[in-house]
Amino acid sequence: MALELPENVVVSRLDELASWCRKNSLWPMPFATACCGIELMATGASKHDLARFGAEVFRFSPRQCDLMIVAGRVVMKMLPVLQRIWLQMSEPKWCISMGACASTGGVFDTYAVVQGIDRFIPVDMYVPGCPPRPEQLIQAIIDLQDKIQREGTITGREFDTPERQLRKRALVEAVGPLEADAARNPILQRRLAEAGAPHA
Amino acid sequence: MDEHSAGATSAAAATPARDGVADLFGGTRQPPFRGQERVDLPADRVREAFRFLRDDGYDLLVDVTCVDYLEYRGAKHRYGLVYLLAATADNRRLTVRVFLDDPAPTVASATPVWPAANWLEREVWDMFGIRFEGHPDLRRLLLPEVFTAHPLRKDYPLQGRGERHNFPILTRDDG
């Protein structure tokens, strides 16, 4: 191609440019319910300095956020709130499940504690730990930035893929949990019938 | 009250109230435990007994809680309600127990006597399913209103009956 470009001009794709802008300007929504929230605050504070990764602007309005960080256990009474906040966040949006409790329920295997938020909302990144150190959360944010750069599109097409619609679990129980859940959950029954797949 | 306090020593200042309420309302005296006076009351007399105790000086209801004695060795009743009372003027304390049984454990509410009982009784209703007659607003306190079970009963499984899984599932399609 006989086109002379000045040396300060870079040719790229629009998708990559959009992803580059997005990944370096994540606005976290701190959904902090337990001790993981303390580590989340430490991550944003001066010692660990989340600003180095462009994600320091914690906003308490979901309308201004695109990264939900669920830090701590979520109980039955809190889950509708969590889902509502998730729906209120503008797209494109991502979710980090921080710590053992948010990912699996942790040690709180009791009647009122949701056994992993990934049962009920989409999760992009899990952070193990009880609670995870700030370095681990920063690593998750860096990994999420890589993911956004790798597969992000300017129109958000990557969220429409079938695998993104499937429910993902941090841990998969041994005996058919999905069917057991579906027996009690009409929405899941419909999705299973539509997908035709017994296991996600 | 005065006729009972004749033989009481100063160390057992709460004994008159304990004996008085036991005699007047058909209760059972219990031996003090680590200096705490205790009495068991029959469930059908608690309304009058609470008024008596309030008039006797027990102006503070510290706590209302419950024990499920299901399969407890030697237990004669299923539920044991526990009321912790205090008299702030002269620093007396009294533990009142009321025993209830299935199928419909019901007791008179203490809320008309001590307004502090309002939320405490709501919590006991929430967790143990004990009805408090005369309670002004007997709704669940801690659990969601859609919850139907009473999870601190011993016959309720620790991991619940699936209530924690009973939510709509949001996917990326839902926005």
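From the N terminus on, chain B runs α-β-β-α-β-β-β-β-α-β, with three helices and seven strands. Helices (H or I, at least four residues) and strands (E, at least two) are DSSP runs, numbered from the N terminus. This is a predicted model, in which local features need pLDDT of at least 70 and side-chain atom pairs count only at pLDDT 80 or more, while totals for chains, interfaces and linings use all residues. Residues are numbered from 1 along each chain as its sequence is written, and chains are lettered from A and ligands numbered from 1 in the order in which they are written.

The table lists strand pairs; two strands pair if DSSP finds at least two bridges between them.

| Strands | Sense | Bridges | Partners |
|---|---|---|---|
| S4(B) and S5(B) (residues 92-100) | antiparallel | nine bridges | B:Leu84 and B:Thr95 |
| S3(A) (residues 94-98) and S4(A) | parallel | three bridges | A:Ser97 and A:Tyr126 |

S4(B) and S5(B) form a hairpin with four residues between them, and B:Asn91 in the turn has a positive phi of about 55°.

In chain A, four strands make an open sheet with parallel pairing, ordered S1-S2-S3-S4. Strands S1 (28-32) and S4 (125-127) of chain A each have a single partner strand, so one side of each is left without a neighbour in the sheet. Direction ignored, neighbouring strands of this sheet are turned by 15° against each other on average (axes are lines fitted to C-alpha atoms).

Of the 175 residues in chain B, 33% are buried, that is, have 20 or more other C-beta atoms, placed from the backbone, within 10 Å of their own.

Key. A residue is buried if 20 or more other C-beta atoms lie within 10 Å of its own, exposed if 12 or fewer, and partly exposed in between; C-beta atoms are placed from the backbone. Axes are lines fitted to C-alpha atoms, for helices over the stretch in contact, and angles run from 0 to 180 degrees between N-to-C directions.
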